[in-house]
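Open the model in your viewer and keep the sequence panel beside it. This tour tells you what to select at each stop.

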Amino acid sequence: MNQQEFVNLITPFKDKLFRMAKRLLVSTEEAEDATQEVLVKLWKNNNVLSNYSSVEAFAMTMTKNYCLDQLKSKRASNLQIVHNNYSDRTASVQKQIEDRDSWSVVEKIIESLPEQQRLIVQMRDVEEYEFAEIAKIMEMNETAVRVALSRARKEIREQLVKKHNYGIA
């Protein structure tokens, strides 16, 4: 097998190898190294690759085993646990309180809407029904549901802006 044939064989699934390595090793750098090591091993054994019914499955198994070996080895203590693509996604306490307050204001605004709009907002934005389902439940035209939802959202938005801009002039 020449180099071009090898590249053509490996190209369709090399990204899968990286993603598996990334999932196991977490660190992008370690995953890149693992993928490269597996590809080098495959190239060294390119003369026997034709014996495998699925080279992709063989490569995935090699990647998994290599990554598990890395995690078990002495290098595991050197693996970067806090990696550069991690970010804390939890909101600050202040942000959580602001969000809770905003949600309670939105709930009050929704309660003040006409019944039809209130039900449509509930079904679409909270329960995530499709427009066709809402139209059937409400015995309305789908277009009418969209219009009513648009008007309800506009009213909610206007009330929120009014509430948040109060005293700011």
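Contact, on this tour, means heavy atoms within 4.5 Å. The model is a predicted one: local features need pLDDT of at least 70, side-chain atom pairs count only at pLDDT 80 or more, and totals for chains, interfaces and linings use all residues. Residues are numbered from 1 along each chain as its sequence is written, and side-chain values use heavy atoms, with hydrogens and water left out.

**The whole chain**

Start with a cartoon view. The protein has eight helices and zero strands. Helices (H or I, at least four residues) and strands (E, at least two) are DSSP runs, numbered from the N terminus. Along the sequence the pattern reads α-α-α-α-α-α-α-α.

Now colour by accessibility. Buried means under 20% relative accessible area, exposed over 50%, and partly exposed in between (1.4 Å probe, protein chains only). Of the 169 residues in the protein, 27% are buried. Among contacts with a separation of 6 or more, 59% join residues 24 or more positions apart.

**Helix H3**

Select residues 28-44, which form helix H3. H3 has 17 residues and reaches 24 Å from its first C-alpha to its last. That is close to the 24 Å expected at 1.5 Å a residue, where the expected span is 1.5 Å times one less than the number of residues.

Which residues of H3 are buried? They are Thr 28, Glu 30, Ala 31, Ala 34, Thr 35, Val 38 and Leu 42. Look down the axis of H3: these buried residues fall within an arc of 160°, so they line one face of the helix. The arc is that of the directions from the helix axis to the C-beta atoms. An α-helix has 3.6 residues a turn, so residues three or four places apart point the same way. The buried residues of H3 pack against helix H1 (3-10), helix H2 (14-25) and helix H4 (55-72). Turn to the other side of H3 to find Gln 36 and Lys 44 exposed.

Zoom in on Thr 35. Its relative accessible area is 8%, so Thr 35 is buried. Leaving out residues up to four places away in sequence, Thr 35 touches Lys 14, Leu 17, Phe 18 and Ala 21.

Next, pick Gln 70 in helix H4. Gln 70 is buried, at 11% relative accessible area.

Move to Gln 117 in helix H6 (residues 115-126). Gln 117 is buried too, with a relative accessible area of 15%. Beyond its neighbours within four places in sequence, Gln 117 is in contact with Ala 148, Arg 151 and Ala 152.

**Helices H7 and H8**

Finally, show helix H7 (residues 131-138) and helix H8 (residues 142-165). Their axes come within 8 Å and cross at roughly 100°. H7 and H8 are therefore roughly perpendicular to each other, a label for angles of 65 to 115 degrees. Phe 131, Ala 132, Ile 134 and Ala 135 of H7 meet Glu 142, Val 145, Arg 146 and Leu 149 of H8. By class, that contact has six nonpolar, no polar and two charged residues.

Last stop: Glu 139, in the loop between H7 and H8. Is Glu 139 buried or exposed? Its relative accessibility is 74%, so Glu 139 counts as exposed. Glu 139 also has a positive phi of about 55°, although it is not a glycine.

Technical notes
Axes fitted to C-alpha atoms, helices over the stretch in contact; angles between N-to-C directions. Parallel < 35°, antiparallel > 145°, perpendicular 65-115°, else oblique. Nonpolar A, V, L, I, M, F, W, Y, C, P; charged D, E, K, R; others polar.
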